[in-house]
Amino acid sequence: MKQFRKPHLALLVAAAMAVAGCADDGKDGAPGEPGEPGPPGPGTPPPTVDVTETTHVKVLNFAVEEGQVVYEIEVTDQEGTLVEGLEAAEGKFAAWTERGYVLSRSGEGTLGGYGSMSTEGATLEMGEPGQYTFTLPMENVTAGQEGMLWLRVGDREGPIMRSMPLVVDKPEGTYSTSDATCNACHVDYAAGSRRHASYTAMDIEGDGDLVGGCLVCHNSVSRADENGGYATNTLSKIAHVNHPEKGFERDFTVLNCTTCHETTPLNTSIAGPGCVDCHNPGAPVGPMSPNTDPSFDIRAIHAQKVALPEIDQIRESHYTTTSAPYWDADVTWDSGTGAVCTDLKLFKMEGETETQLNIGDMYAAGELTYAGAYIHGYDGQGLTGRAIGRGSEQYVARADGTRSICFPELLAVEGSDGTDFTAGNFMASTRVTFPQTGWVNDDGKDGVSFTTYSVVVSTDYFDVDPAVTAPTFTEVSDFDRRQVVAADSCVTCHNSETNYHKNGSYQNGGWDCVACHNNGQNRNSGGSAPGFGPMVHSMHWGVGSGIGTDDANSATKLNAENCVACHADGIDLYAIPNQYQLARAYHEGTRGMMASPVTANCFACHDSESALNHMVQNGGEIDAVADPLWYTTKSAESCATCHAEGKTFGIEKYHVFER
C-alpha cells in the first residue's frame, strides 16, 4: 500500500470529505458556531511524520534464528507520532558463553554478530504505519541461542534521528555489577561528554541499562583472546585496572569491591573473566566458575587485604561524646588558673555491654593517634571560627578515662581574622583517631576518626572577670548543621573508609570536615575556595581540581552538572542562610575578605570573568571587606529570585538533581 507523507495526507482527507457529501459528519452547529465532530471515517490512516527530533522504539517481537536476528518494532517521534520512511537500523548480539559475553569482530571470531542496513541481506520493511520488521543476517548466530540482543534505529544526521540503544533481551542473572553502582558516580552518562556517551542504553521497559550498553561491546573476553570479544578493554578491565590507573581521587581502593558489586560477583575462577585483570593479567580468559555457594563472598577476601573489616569493626563498635563548654577553675597553666573546657569520652560496645575507654592510656600506648577538641563560635546559622588560642590546649585526664581539653584563653575581639565572637554563642567539637597500623606520621590520613559536636551554649565569659567570678555557660540549642548532601555522598567514591587529612573522615557527608572548613575558619584550601561547599565544588571541578592539566583528579572526568551525585534531595537556594564566608582562598591567601554565600558556591566552578560579573550585578560578592562582626552582616545577592528551583532560570534546568 502506498504510504502518503503528511502534506499529501492532508489533501487526501480534504478530497474524501468533498466526495462524502451528506454522510453523517456530525450535528450542525448554530449559525456562527462549530458543530459536533462526527465519528472517524473507516480506514482513516493515523498521522505520521518522516522527520524527528528524538526517536523512540517499541519492540513488538524479536527472534534469534539460524543465521539471523529479526526485530519487529514500532517507531515514534518525541510526540508519540508514528514514523514512516525509516531507512537506518543496526543490531548486535553478544553470545552468552562459559567465558561470559562474547561478540566477535567480523573475520576475527565465531561468536555473536552485529550489522546494519549496509550488511548484505539486511532488510527493513514497513507494514502498518510506523511498524517495521528489521531482519539482520548474523552467520554465527544459531536459533534460540542465549545472549544479549541490542538494537538502535535512525541516523546521527537525521532526518529520522538516531534513537537511544535498546537492550532488547539478555539472560537473567548475568551481570556482576548494577546500574545503581555505576550511576552513583556516572549519574547520567548519556548527558555527559565522556567517551561513548551516546551508547548509553535502556531496556525494553524504558529503564536504564548502562551496564548492558557497555557490556555488549566491552565483553567478558578481550579482543586479543582467541575467539575474543569486540573490544580490547573488557568492562571488568575498565573497572579493575583503567579506573584507578587513570587518576582516581585520593582514598579510593579498588579492593573495596562492594563499591561496584552490590552482590558477590558471578565468577570465582581465578582464570575466568574479571579475575585475570589483576591475577595473571594478559592471560587468556578461561571458563567461568559460577558461584553457587551463597556463603562464599569473594569481596570479603579482597577487603581483608586493606583491613576494611577491621575498619568496619572499629566504626560499628565505638562512638564518642562531647560535652558542652564549661569553666574549670582548677586547671593551672603558665600564668594563671581556670580555663574553658570540654569533655571527650570514648565508648566501646560489645553486644549489649557498653564500656568507657581510657583515652589517656590508649594514646600513650599508640592505640589512638589523635584526641583533641576545638571551641567554636556559633551564631545559629553556622560556625564562625575557632574562639581559642591556638596551641593553648591543656589535656586533663579524668579518673573514668575521660579526656578534658581545656583552653585558658578564648579569643574575643582578637579571634581569627579579627573576628569578634561576643555577638554569638559557643560550642565544642572533638575528634579521636584510631591508627590502622600503630602510630604513623601521615597527617592522620590512614586512620579511622570519630567527630562529635556539643550542644550550643551562651556565656557571660566576656562580661565577668574569671579571677573573681566563674563564667557560666547555658545550653541554648543542639548543633544544627544544614546538611544538603547525602550521608554517603563522599564514601561512594572515597571508599577506603580512612581520612583525607588532619584526621578528617568522609563519613556522613563530610561531617568531620566542617569542624575546620566552615564559614569562619577562613582556610586557604590550596587557593581553591572558602568554606565547605565551595571548597568541595572547586576541589572536584574548579581550579582546585587541576582541571585542564595533566594532574587533574578523577572527578573532572565526570559530568559536573550531575549534582544529584551528592545533592540527592536537590538544592533550595532560599534555604541558604544569608551569611558571608571569609574568603581568603579567593584572594591568594589575603585575609580580611569575604564572599556572599550563593556566589561563593557558584564561583567555585563558574569562575569566568563574565560569570562573576553576572553575580556581582545581582548583588553577589567575593571581595567584600570583612569587619569583626562579619557574620552578622547580610548580603544583597538575589540569586534565588531567578535561579531557585521552579523559576524560569531555575538551577535544576542546568544541573541534574534527579536520578
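This tour goes through a strand pair, the nonpolar cores and the cysteines of a predicted model. Residues are numbered from 1 along each chain as its sequence is written, and side-chain values use heavy atoms, without hydrogens and water. Local features need pLDDT of at least 70 and side-chain atom pairs pLDDT 80 or more, while totals for chains, interfaces and linings use all residues.

Select residues 326-333 and 336-350, strands β14 and β15, which pair in the antiparallel sense over five bridges. Strands are DSSP runs of E of at least two residues, helices runs of H or I of at least four, numbered from the N terminus; pairing requires at least two DSSP bridges. A hairpin of two residues joins β14 to β15, and Asp 328 stands opposite Ala 339 in β15.

Next, show Leu 346, Ile 375, Leu 410, Phe 426, Met 427, Phe 434 and Phe 479, the residues with the most contacts inside the largest nonpolar core, which has 43 residues. Such a core is a set of buried Ala, Val, Leu, Ile, Met, Phe, Trp, Tyr and Cys residues joined through side-chain atoms within 4.5 Å; buried means under 20% relative accessible area, exposed over 50%, partly exposed in between (1.4 Å probe, protein chains only).

Now select Cys 341 and Cys 406, joined by a disulfide with S to S 2.0 Å (sulfur atoms within 2.5 Å). Cys 341 lies in β15 and Cys 406 in β20, so the pair ties together parts 65 residues apart in sequence. Both cysteines are buried.

End at Cys 516: its sulfur is 8.6 Å from the closest cysteine sulfur, in Cys 513, too far for a bond.
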